[in-house]
Amino acid sequence: NAGDGFTIEFDIQNDQVEFNENLFEFGEIDAGEIFSTEDDPFTFSISGDFQEPEYIIVSVSITAQPGEILREFEVEMLVGTPDLIFVDDDEGEELDKFICNDLDSLEKVYFHHDLSAIGVSPEADHLIQCGTVVWMTGDAEDPISEAEMTILENAIDGGTNLFIFGQNLDDELQFYDFYERYLHVETGFGDTHEELVGTDNE
């Protein structure tokens, strides 16, 4: 059904973060219609006293007429620039949950850059701001593009620490200068498989 008098209201329980406007009213939206706020985005201000990045909870309330349609939910939002960015480049395989679980258990504040959702790689300047990058390519057959290598080269030159891992990195990157000069890796040849045999009654 169409909604008339459509409103969205935000609430943040944090004295240092404030929406510049927390109530937005829209006209009628027809059933199945997709509405975008691209031309009038939701914006917020951060106090100058805000020092450390942290996760905050934003409460969202959506109402529409007729029928008093009401939906309430909470969204976790990262405010500030963290010291660590996790680039999830596993092509939507959901291997990221294992890394996120580990980072959460260590109580790390980090930004999860999911390439399959965001669609673009982070810029070198942003990686430099964060300082430490964990980049996971999972089982991707084409793990890192030449454009992404350039981004990482510029970030490393700017002082960024990089930890990168994935199943096919060696196969795909061994012939690039980036692999040896920046990752300091050489490709090994031969069978490295070793069989471990347990001891009886141990």
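**Strands, a helix and some rings**

Let's start in the sheet: Val-87 stands opposite His-113, which belongs to β8. Keep in mind that this is a predicted model.

User: In what sense do β7 and β8 pair?

Analyst: Val-87 facing His-113 in β8 gives us one spot to look at. In general, strands of a sheet pair through backbone hydrogen bonds, and they can do so parallel or antiparallel. Here, β7 and β8 are joined over five bridges, and the sense is parallel.

User: Which residue in β9 does Ile-85 stand opposite?

Analyst: Strand β7 covers residues 84–88, and five bridges join it to β9, residues 132–138, with the two running parallel. Within β9, the residue opposite Ile-85 is Val-133.

User: What is the order of the strands in the open sheet of four?

Analyst: β7 pairs with β8, and β7 is also joined to β9. The edge strands are β8 (110–114) and β10 (161–166), each pairing on one side only. From one strand to the next, the twist averages 15 degrees. Put together, the open sheet has parallel pairing and the order β8-β7-β9-β10.

User: How many of the residues of β7 are buried?

Analyst: In a regular strand, side chains alternate between the two faces of the sheet. In β7, Leu-84, Phe-86 and Asp-88 point one way while Ile-85 and Val-87 point the other way, and all are buried. So β7 is largely enclosed by the rest of the structure, with the buried count at five of the five.

User: Which strands does helix α1 touch when it packs on the sheet?

Analyst: Helix α1 takes in residues 96–105, and its direction makes about 165 degrees with that of β7. Just after α1 comes Glu-107, with a positive phi of about 60 degrees. As for the strands that α1 touches, they are β7, β8, β9 and β10.

User: Within what arc do the buried residues of α1 fall?

Analyst: The buried residues in α1 are Asp-96, Ile-99, Cys-100 and Leu-103. What covers them includes β7, β8, β9 and β10. Looking down the axis of α1, its buried residues line one face of the helix, because they fall within an arc of 100 degrees.

User: Moving on to the rings, how are Phe-19 and Phe-44 arranged as a pair?

Analyst: A search of the whole structure turns up five aromatic pairs. In the one formed by Phe-19 and Phe-44, the centres are 5.9 Å apart and the planes make 70 degrees. Planes over 60 degrees apart count as edge-to-face, so the arrangement of Phe-19 and Phe-44 is edge-to-face.

User: How far apart in sequence are the parts that this pair ties together?

Analyst: Phe-19 sits in strand β2 (residues 17–19) and Phe-44 in strand β4 (residues 44–46). Both also belong to one aromatic cluster with Phe-10 and Phe-24. So the pair ties together parts whose separation in sequence is 25 residues.

User: How many strands does the protein chain have?

Analyst: The chain is 202 residues, and buried residues make up 33% of them. Its secondary structure comes to six helices, and the strands number 10.

Notes. Residues are numbered from 1 along each chain as its sequence is written. This is a predicted model: local features need pLDDT of at least 70, side-chain atom pairs count only at pLDDT 80 or more; totals for chains, interfaces and linings use all residues. Side-chain values use heavy atoms; hydrogens and water are left out. Rings of Phe, Tyr and Trp (its six-membered ring) pair if their centres lie within 6.5 Å; planes under 30 degrees apart count as stacked, over 60 as edge-to-face and the rest as tilted. Two strands pair if DSSP finds at least two bridges between them. Axes are lines fitted to C-alpha atoms, for helices over the stretch in contact, and angles run from 0 to 180 degrees between N-to-C directions. Contact means heavy atoms within 4.5 Å. Buried means under 20% relative accessible area, exposed over 50%, partly exposed in between (1.4 Å probe, protein chains only). The arc is that of the directions from the helix axis to the C-beta atoms.
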